[in-house]
Every structure is written in C-alpha cells, then in structure tokens.
Amino acid sequence: MVSLKFMNISIQQQNFTLHPLGGLFWEERSLLLISDVHLGKVSHFRKFGAAVPRKAIHKNFVLLDKIVSDFQPFQICFLGDLFHSSLNKEWELFENWVAKTPSEIILVSGNHDIIAPEKFEKLEVKIFPELILENFLLTHHPEEREGLFTFCGHIHPAVRLQGFGRQHLRLPCFFKSKSQMVLPAFGEFTGTHALKPSKQDEVYAIVEDTVVKV
C-alpha cells in the first residue's frame with residue numbers, strides 16, 4: 001500500500017493536518033473539512049453521453065472511506081458542492097455511505113447544492129449557510145471577514161510550477177493567504193483553477209500521495 005505523507009500546520013494556535021486527498025483535519029475539534037466533492041457528476045456526465053467509466057462512480061466513496069479511516073473524526077463538514085446537481089442514482093450510494101460512517105456529518109451549502117434539504121435531514125445531515133467556530137469561518141465561497149480566519153472551497157485551486165525548459169506542472173493545492181485557506185476539490189472529474197500566489201501567500205501542493213509546501 002502506498003504511504004501517504006501529510007502536512008501539519010498551525011493557524012491561530014490551532015493544529016491542522018493537510019491530507020493528500022484534499023481534506024483538512026482540525027485536531028483540537030476532531031473535525032474533518034472536505035470541499036467540492038461533486039457527487040453525482042460522473043452519472044450526470046454519463047447521462048449526456050460522456051465516455052466516463054462506470055467504476056468512476058464509486059471512486060469518490062472509496063476516497064471518502066480512506067480519509068475518514070485515516071482521521072476517524074468526530075465530525076465531517078463538507079464545505080459546499082457536495083452534490084453536483086439534482087438527484088441521480090449516486091444519492092443511494094451516499095445514503096449507504098452516511099449509514100456506515102460513524103462521524104456526525106454537516107454540510108455548508110454551496111452553489112451546486114440544489115437537492116432539497118429534507119433529503120439530507122432524513123439522513124440526519126445538518127445543513128448551514130455558514131458556520132463560525134471559535135475564530136474560524138467555514139463557508140463555501142471565499143470570503144475575508146474581519147476577526148475571522150476562513151476555510152472555504154469553490155475555486156478548486158491549483159498552482160502551476162515550471163520545470164526544465166518550457167515544462168509546466170499543474171497541481172491541485174491548499175491555497176493560504178493571511179486570513180483564508182481555500183481547500184482543493186476533493187472529487188474526481190472536478191477540474192482545477194490555477195491561482196498565482198503573492199509573496200505573502202502559502203501554497204501546499206498535492207504531488208501524488210504527498211502534500212508539499214511550494
């Protein structure tokens with residue numbers, strides 16, 4: 001089995017672990033943050049004729065099982081865009097996943113989360129437009145708010161690295177500014193958006209099975 005290498009950082013005297021699958025674990029609260037899984041996207045693509053392998057439907061759930069197993073969190077908070085669009089057959093897979101996952105599950109809703117809240121409520125998944133825990137803001141869209149450090153998603157951040165000659169490498173990343181960290185998209189087939197860091201920003205790139213500060 002491939003060994004994953006995490007990255008440990010401290011923000012406002014709290015300890016966080018960056019996982020190479022794209023999640024972030026808040027140690028003091030035993031809280032796992034995951035953004036932009038976009039469940040149902042594979043089925044959505046297949047419905048409209050895209051040549052996506054059927055087995056890809058299960059990949060996100062395999063990855064979710066892996067990161068939950070690594071941290072065994074008390075709570076899991078999805079920072080928006082848990083589902084890509086309306087209900088499809090992946091909802092049943094999600095129901096089964098929730099039933100077997102011992103963690104309390106929270107959804108901070110994103111722009112893609114259009115499934116009726118009642119469906120989540122039946123699974124005892126709580127939904128919020130945003131959450132403030134201590135001095136931290138948990139939201140979907142990037143937002144800098146005075147007195148708070150923000151964890152968010154939405155952008156699907158990546159960084160471009162230049163190699164020898166004209167070679168470029170585009171890697172998903174955790175993108176940290178002075179008062180905000182944007183998490184990478186967790187889901188398969190989500191795409192990325194390259195950001196250009198300033199000197200004050202910190203970038204933690206995901207290189208295969210490792211998180212590396214670049």
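## Close-up views of a predicted model

**View 1. Thr101 sits in the loop between α3 (90–100) and β6 (104–108).** Helices (H or I, at least four residues) and strands (E, at least two) are DSSP runs, numbered from the N terminus. This is a predicted model, in which local features need pLDDT of at least 70, side-chain atom pairs count only at pLDDT 80 or more, and totals for chains, interfaces and linings use all residues. Residues are numbered from 1 along each chain as its sequence is written, and side-chain values use heavy atoms, with hydrogens and water left out.

Is Thr101 buried or exposed? Thr101 counts as buried because its relative accessibility is 10%. Buried means under 20% relative accessible area, exposed over 50%, and partly exposed in between (1.4 Å probe, protein chains only). A polar atom of the Thr101 side chain lies 2.6 Å from the backbone oxygen of Trp97. Leaving aside residues up to four places away in sequence, Thr101 touches Val68 and Ile76. Contact here means heavy atoms within 4.5 Å.

**View 2. Strand β6 pairs with β5 and with β7.** Two strands pair if DSSP finds at least two bridges between them. Strand β5 (residues 75–78) runs parallel to β6, and four bridges join them. Phe78 has Leu107 of β6 as its bridge partner. Strand β7 (residues 126–128) also pairs with β6 in the parallel sense, over three bridges.

Why is β6 largely enclosed by the rest of the structure? Four of its five residues are buried, so the rest of the structure largely encloses β6.

**View 3. Strand β12 has bridges to β11, β15 and β13.** Strand β11 (residues 157–162) runs antiparallel to β12 (residues 168–176), with five bridges between them. Leu161 has Leu169 of β12 as its bridge partner. Strand β15 (residues 202–207) is antiparallel to β12 too, and four bridges join the two. In that pair, the bridge partner of Cys173 is Ala205 of β15.

Strand β13 (residues 180–182) is joined to β12 by two bridges, again antiparallel. Lys176 has Met181 of β13 as its bridge partner. How many residues lie between β12 and β13 in their hairpin? Three residues lie between them.

**View 4. Cys152 and Cys173 are buried cysteines.** Cys152 counts as buried because its relative accessibility is 0%. Cys173 counts as buried because its relative accessibility is 0%. A disulfide is a covalent bond between the sulfur atoms of two cysteines. The search takes a pair of cysteine sulfur atoms within 2.5 Å as a disulfide. Across the whole structure, that search finds zero disulfides.

View 5. The chain has 214 residues, and 49% of them are buried. Its accessible surface is about 11100 Å², with 52% belonging to carbon and sulfur atoms. Accessible areas come from the Shrake-Rupley method with a 1.4 Å probe; for residues, only the protein chains shown count as cover. Of the contacts in the chain between residues at least 6 apart in sequence, 65% join residues at least 24 apart.

Methods:
Polar contact = N/O pair within 3.5 Å; in protein donor to acceptor, adjacent residues only side chain to side chain.
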